[in-house]
Amino acid sequence: MSNPLTNNLQVIDNALSPQEFKDIQDYILGGDIAWYHHESVAYLKPKGLTKDQKIYNDFSTHMVYTNHQINSDFAFEKLQPLLNLLDIKALIRIKINAYPRTPKVINHQNHVDYDFKHKGALFFVNTNDGLTVLENETNILSVENKLLLFDSSKDHHSTTTSDTNRRITININYF
């Protein structure tokens with residue numbers, strides 16, 4: 001069921017059928033996906049970072065699609081039910097993010113995905129106490145099988161999780 005919040009923001013709970021969701025979740029949470037470590041979630045602005053933001057600023061990704069090409073054939077195929085929910089004219093990027101558990105939930109820095117107008121879809125793979133925080137301080141809870149549609153060319157940020165081993169999201173940028 002769809003829940004329109006504004007013209008550019010929409011949250012869809014239970015976006016995929018239970019079986020489609022389970023297939024994607026089992027693949028991503030399983031041991032067959034390659035993860036690539038990054039030292040920084042967003043571009044660092046050293047001044048103003050809290051001590052926790054400096055310490056807990058790393059994450060891992062699995063890049064599925066970027067630079068006009070599929071980088072992970074199997075993942076791209078697995079994500080088709082999710083992609084079919086979107087009105088995609090052209091893909092920019094598909095990236096799976098894994099944020100590690102921290103002692104408390106840590107806010108990452110605000111960022112934009114790209115500095116030109118485009119659409120963003122964020123799909124939540126697991127339920128945890130992490131958040132996505134949008135430019136108007138709207139907090140979106142990490143609940144599995146939820147799809148957030150928003151303008152990812154506007155400021156937003158992610159957080160870590162403190163109640164599961166990792167927070168997993170799928171980030172899709174498109175026109």
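Q: What should I know about the model and its numbering?
A: Residues are numbered from 1 along each chain as its sequence is written, and side-chain values use heavy atoms, without hydrogens and water. The model is predicted, so local features need pLDDT of at least 70 and side-chain atom pairs count only at pLDDT 80 or more, while totals for chains, interfaces and linings use all residues.

Q: Where is K95 found?
A: In strand β6, residues 91–100; strands are DSSP runs of E, at least two residues, numbered from the N terminus.

Q: How far is the nearest side chain of opposite charge from K95?
A: That is D113, 6.5 Å away. K95 is buried (under 20% relative accessible area, 1.4 Å probe, protein chains only). K95 has no salt bridge, meaning a side-chain nitrogen of Lys or Arg within 4 Å of a carboxyl oxygen of Asp or Glu.

Q: Which side chain does K95 have a polar contact with?
A: N97, at 3.4 Å. A polar contact is a pair of N or O atoms within 3.5 Å; within protein, one must be able to donate a hydrogen and the other to accept it, and residues adjacent in sequence count only if both atoms are side-chain atoms.

Q: Switching to T161: buried or exposed?
A: T161 counts as buried because its relative accessibility is 0%. Its side chain has polar contacts with D129 at 2.7 Å and with T164 at 3.4 Å.

Q: How many aromatic pairs are there?
A: Six in the whole structure, counting rings of Phe, Tyr and Trp (its six-membered ring) with centres within 6.5 Å.
A: In one of them, F59 and Y99 have ring centres 5.6 Å apart and planes at 10 degrees, so the pair is stacked (planes under 30 degrees apart).

Terms used:
Helix = DSSP H or I, 4+ residues; strand = E, 2+ residues; numbered from the N terminus. Buried < 20%, exposed > 50% of the residue type's maximum accessible area, 1.4 Å probe, protein only. Lys, Arg positive; Asp, Glu negative; His and termini not counted. Phe/Tyr/Trp six-rings, centres within 6.5 Å; stacked < 30°, edge-to-face > 60°.
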